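Morning, everyone. Let's take a quick walk through some backbone geometry. Please have a look at the model first.

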Amino acid sequence: MAPRFDHLKGVFGLLPTPYTEDYEIHTPDLQAAAEFCCSTGQHGIVWPVMVGEFYFLGEQERIANLDAVLETVNGRLPVIFGCSGVSVPQVLTFARAAQSAGADAVIAMAPARTTAAIAMDMYRRIADVYDGPIVLQNAIDYAPLTGEQVATVVDEIPQVEYVKEERPPGPRHISEVQRMVGDKVKTIFGGMGGRVLPEELSRGANGCMPACEFADVLAKVMELWWAGDERGARALHQRLLPLIIREKHSFMRYVLNRRGVFTSLHERAPSGINALDTDDKREISLLAQEIAGDIDAYPFKPE
């Protein structure tokens, strides 16, 4: 598979998965989120990972909606398909689907309660069934790898061209991975919802994968940094930070609804204590005014 995009970097928006009142995936809203990413200056799209609640999705609906996302994007941005699953065989099912559908890359972390050895073997097996770039996702609750183990995987599997490093504390491990494989991978992506993006960039990251609802603003932070305007990048990030520190699934859906992307706020699992109340929504509205001038498209609509 010849790659459409030679070098993935920048801010890749993570799509939350929208649902209908019957708990099915709301495909038109998912496609609207993909269009939102394409139309607001984001640098790529990822679905489904933790933000997309991959752990709630069935195999058939997940693969079918990958096709829907790719159809909407139509080559305008790179699309990374999330292949994490409950078992290694399921991960490989999704990797095969990515191969068939033509996803631009795949990302996966080992199933929960497995081991680093299983995680490393999983990436070898992914490379056997998918011939595009692989993003190694290193997260604390999913058999995380040490920097040395990340280096071993990168050395053994040329397709592992990218690392998403999010072991806490994230920025410190960005530095570790940069020392170990910075000259061997194309991009180190940070996580943590973009909350520590400037520090990640200062430690060697050149990408970030936050939820998409404010990833257009984070893309501007990244571009200011690339342009050498660190002060401007940090100032914009500080204006956005009071919003993104609130990020939970209820927040993501609410903001995407206020920005005219999602029509549905239904969930497969109730938000419980993370549900937004009237005062939460009022505060979000006030904080959104601080970045109104930084949003070029899909402005906040009235409540």
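So, where does alanine 143 lie? Alanine 143 is in the loop between strand E5 (134-138) and helix H5 (147-156). Keep in mind that this is a predicted model.

Why pick that residue? Look at its backbone. Alanine 143 is not a glycine, yet its phi is positive, at about 50°. Here is the background: most residues other than glycine have a negative phi, and most peptide bonds are trans.

Is alanine 143 buried or exposed? Its relative accessibility is 11%. Buried means under 20%, so alanine 143 counts as buried.

Next, tyrosine 298. Its phi is also positive, near 55°, and tyrosine 298 is a residue other than glycine. Find it in the segment after helix H11 (278-289).

Now the peptide bonds. Which bond at tryptophan 47 is cis? The one leading from tryptophan 47 to proline 48, with omega near -15°. Proline 48 sits in the loop between strand E2 (44-47) and helix H2 (59-73).

The bond from proline 168 to proline 169 is cis, and omega is near -10°. And where is proline 169? In the loop between strand E6 (160-165) and helix H6 (170-181).

To recap the stops. Alanine 143 and tyrosine 298 have positive phi. The bonds from tryptophan 47 to proline 48 and from proline 168 to proline 169 are cis. Thanks, over to you.

Methods
Residues numbered from 1 in each chain as written. Predicted model: local features only at pLDDT ≥ 70, side-chain atom pairs only at ≥ 80, totals over all residues. Heavy atoms only, no water. Helix = DSSP H or I, 4+ residues; strand = E, 2+ residues; numbered from the N terminus. Buried < 20%, exposed > 50% of the residue type's maximum accessible area, 1.4 Å probe, protein only.
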